[in-house]
Amino acid sequence: AHADFGTGDFVRIPTLLNRGVMLGLWSDQSNEDVPSLLWTIDDSGWIFELRITNSGQAQYHGYPILPGDAFARHVLVRAREVAFAEGEFPVDQDPNAQAAIAAAETFYR
């Protein structure tokens with residue numbers, strides 16, 4: 001409810017997951033398991049943290065990072081490093097990524 005992300009937004013989940021992965025926004029992993037945490041940045045500027053709920057199926061449950069949460073800065077630094085570095089992030093695959101990062105930087109001031 002905080003991020004106004006409802007059932008009608010579920011169709012956007014694959015794009016958001018892809019964005020987080022392409023930006024390298026995941027936790028360390030061990031033994032070739034799926035990461036226990038992923039982060040992504042919505043076009044609205046909200047940052048979502050995704051926690052593993054079923055590692056066998058790579059299923060996650062997402063939560064918005066609330067304004068004022070200092071961890072948002074860490075996510076934004078990493079996202080900016082990747083998205084704006086030449087050749088690292090295939091921007092053509094997600095033309096809204098840079099605008100989403102800019103929106104998040106404004107939102108999480």
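Arg12 counts as partly exposed in this predicted model, at 28% relative accessibility, where buried means under 20% relative accessible area, exposed over 50% and partly exposed in between (1.4 Å probe, protein chains only). The side chain of Arg12 meets that of Asp9 in a salt bridge at 3.4 Å, N to O, a salt bridge being a side-chain nitrogen of Lys or Arg within 4 Å of a carboxyl oxygen of Asp or Glu. Residues are numbered from 1 along each chain as its sequence is written. In this predicted model, local features need pLDDT of at least 70, side-chain atom pairs count only at pLDDT 80 or more, and totals for chains, interfaces and linings use all residues, while side-chain values use heavy atoms, with hydrogens and water left out.

Another salt bridge joins the side chains of Arg19 and Asp43 (2.9 Å, N to O). Arg19 is buried, with a relative accessible area of 2%, whereas Asp43 is partly exposed at 39% relative accessibility.

Among the aromatic side chains, 4 aromatic pairs are found in the structure, with rings of Phe, Tyr and Trp (its six-membered ring) pairing if their centres lie within 6.5 Å, and planes under 30 degrees apart counting as stacked, over 60 as edge-to-face and the rest as tilted. One of these pairs, Phe107 and Tyr108, is edge-to-face, at 5.0 Å centre to centre and 80° between the planes. Tyr108 is buried at 6% relative accessibility, and ring pairs link Trp46, Phe107 and Tyr108 into a cluster.
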